[in-house]
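These notes are meant for a colleague who is opening this structure for the first time. Please read them with the sequence and the model side by side.

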Amino acid sequence: MSSIEDIRKFYARLMAANAASSDPRLEEVFATVPREAFLGPGPWTIVAGSGKVTTPSADPAHIYQNVLVALDADKGINNGEPFLHAMWIGKLAPKPGEAVTHIGAGTGYYSAVLARLVSPRGTVTAFELDGRLAELARKNLEIYGNATVVHGDAVTTPLPPSDIIYVNAGVVAPPVGWLKALRPGGRMIFPWRPSERVPLAVMVTRTEKGFACDPFMRSWFIPCIGASVADLAAKIPTREQAMRSRSIWLTGDKAPDRTATAIFGDVWFSTKDVRAKPGS
């Protein structure tokens, strides 16, 4: 029989391989942050497509796989798929000393992973709207001295200045406050869901010339309350238009033009690539 340490190490090796990250710390962190500590007492409910399966026991070996684990089945809130999170976190490339804001932290598992990756000197501010989950996250993250949990609405509450914003709830567009909270060179990943048929993950980087964006995969998360419904005046993109988006603009800085692929009040998306060299 394998020990739980060996099982965690193999799980971490799988996460690192799927992430294709050049940072060896990613594997180390996934091997040492205990997932079961963030899931409550087992047995656990595993979400499998439209069905659910209960683990045969409280042996943590059952949850060191690429599975969704229910945190609140009635609300559809889960501890998300590890392959996806490992890849997204690897894409964000957290560095020691950086400030991270995690929106939709659940019970704090991926907040803990991020906290380890920005140590030493880095911080994680974890927002969770659900009061019960926020309290669990606060208790779970107590041993991580650089992580703070905020029970509140990240859409209406000002975010701290951030090198990384990690969003785990679907939005029709990132709120202006999220974009402005990004420091120069800051990165944000968010699930973009401008319509039911367009569920995409988008990477945003704040450059000298504006907010570059890269839709890089299909993705579905539960809706972000307060930022998941488009108004009637919105320009909703097709999937093809959404995939062609290369930058995000604030209408207060620049009015939408012919390059616009999507418009949502104060924020619009464009095919213009702010990283492109002049003449290219």
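Helices and strands are named here as DSSP runs, a helix having at least four residues and a strand at least two, and both are numbered from the N terminus. Please keep in mind throughout that this is a predicted model.

1. The largest pocket. This pocket holds about 840 Å³ of space, and among the 37 residues that line it, Ile77, Asn168, Ala169, Phe221 and Ile222 are the closest to its centre. At least two lining residues are supplied by each of E3, E4, helix H3 (82-92), strand E5 (99-103), helix H4 (109-117) and strand E6 (123-128), and the largest share, three residues, comes from E4. Sorted by class, the lining of the largest pocket consists of 19 nonpolar, 13 polar and five charged residues.

2. The second largest pocket. Its volume is about 200 Å³, and its lining is made of 15 residues, with Val172, Ala173, Pro175, Phe264 and Asp266 lying nearest the centre. Eleven of the lining residues of the second largest pocket are nonpolar, while two are polar and two are charged.

3. The four-stranded sheet. Four strands, in the order E2-E1-E3-E4, make up an open sheet whose pairing is antiparallel. Strand E2 (51-54) and strand E4 (77-79) each have a single partner strand and stand at the edges, so one side of each is left without a neighbour in the sheet. On average, and with direction ignored, neighbouring strands of this sheet are turned by 45° against each other. Within it, strand E1 (residues 45-48) pairs with strand E3 (residues 68-72) in the antiparallel sense over two bridges, and Val47 has Leu68 in E3 as its bridge partner.

4. The ten-stranded sheet. A second open sheet is formed by ten strands in the order E7-E6-E5-E8-E9-E10-E11-E12-E14-E13, and here the pairing is mixed. Which strands stand at the edges of this sheet? They are strand E7 (147-151) and strand E13 (260-264), each of which has a single partner strand, so one side of each lacks a neighbour in the sheet. From one strand to the next, the twist averages 25°. Strand E11 (residues 210-218) and strand E12 (residues 247-250) are paired in the antiparallel sense over two bridges, with Phe211 standing opposite Ile248 in E12. Helix H5 (residues 131-140) lies across E6 and E7, and runs at about 165° to E7.

5. The contact of H1 with H2. The axes of helix H1 (residues 4-19) and helix H2 (residues 25-32) come within 8 Å and cross at roughly 145°, and this crossing is right-handed. H1 contributes Arg8, Lys9, Tyr11, Ala12, Arg13, Met15, Ala16 and Ala19 to the contact, and H2 contributes Leu26, Glu27, Phe30 and Ala31. By class, the residues of this contact are eight nonpolar and four charged, with no polar residue.

6. Backbone details in the loops. In the loop between H1 and H2 lies Ala20, which has a positive phi of about 55° although it is not a glycine. The peptide bond that joins Gly42 and Pro43 is cis, with omega about 0°, and Pro43 belongs to the loop between H2 and E1. A cis peptide bond also leads from Ser119 to Pro120, where omega is near -10°, and Pro120 sits in the loop between H4 and E6.

Note on methods:
Residues are numbered from 1 along each chain as its sequence is written. This is a predicted model: local features need pLDDT of at least 70, side-chain atom pairs count only at pLDDT 80 or more; totals for chains, interfaces and linings use all residues. Side-chain values use heavy atoms; hydrogens and water are left out. Two strands pair if DSSP finds at least two bridges between them. Axes are lines fitted to C-alpha atoms, for helices over the stretch in contact, and angles run from 0 to 180 degrees between N-to-C directions. On a 1 Å grid over the protein atoms alone, a cavity is a set of points where a 1.4 Å probe fits but cannot get out, and a pocket is an open set with protein on both sides within 12 Å along at least five of seven lines; lining residues have an atom within 4 Å of a point. Grid points are joined across faces, edges and corners, and a volume is the space filled by probe spheres set on the points. Ala, Val, Leu, Ile, Met, Phe, Trp, Tyr, Cys and Pro count as nonpolar, Asp, Glu, Lys and Arg as charged, and the others, Gly among them, as polar. A crossing is left-handed if the near helix is turned anticlockwise from the far one by less than a right angle, and right-handed if clockwise. Contact means heavy atoms within 4.5 Å.
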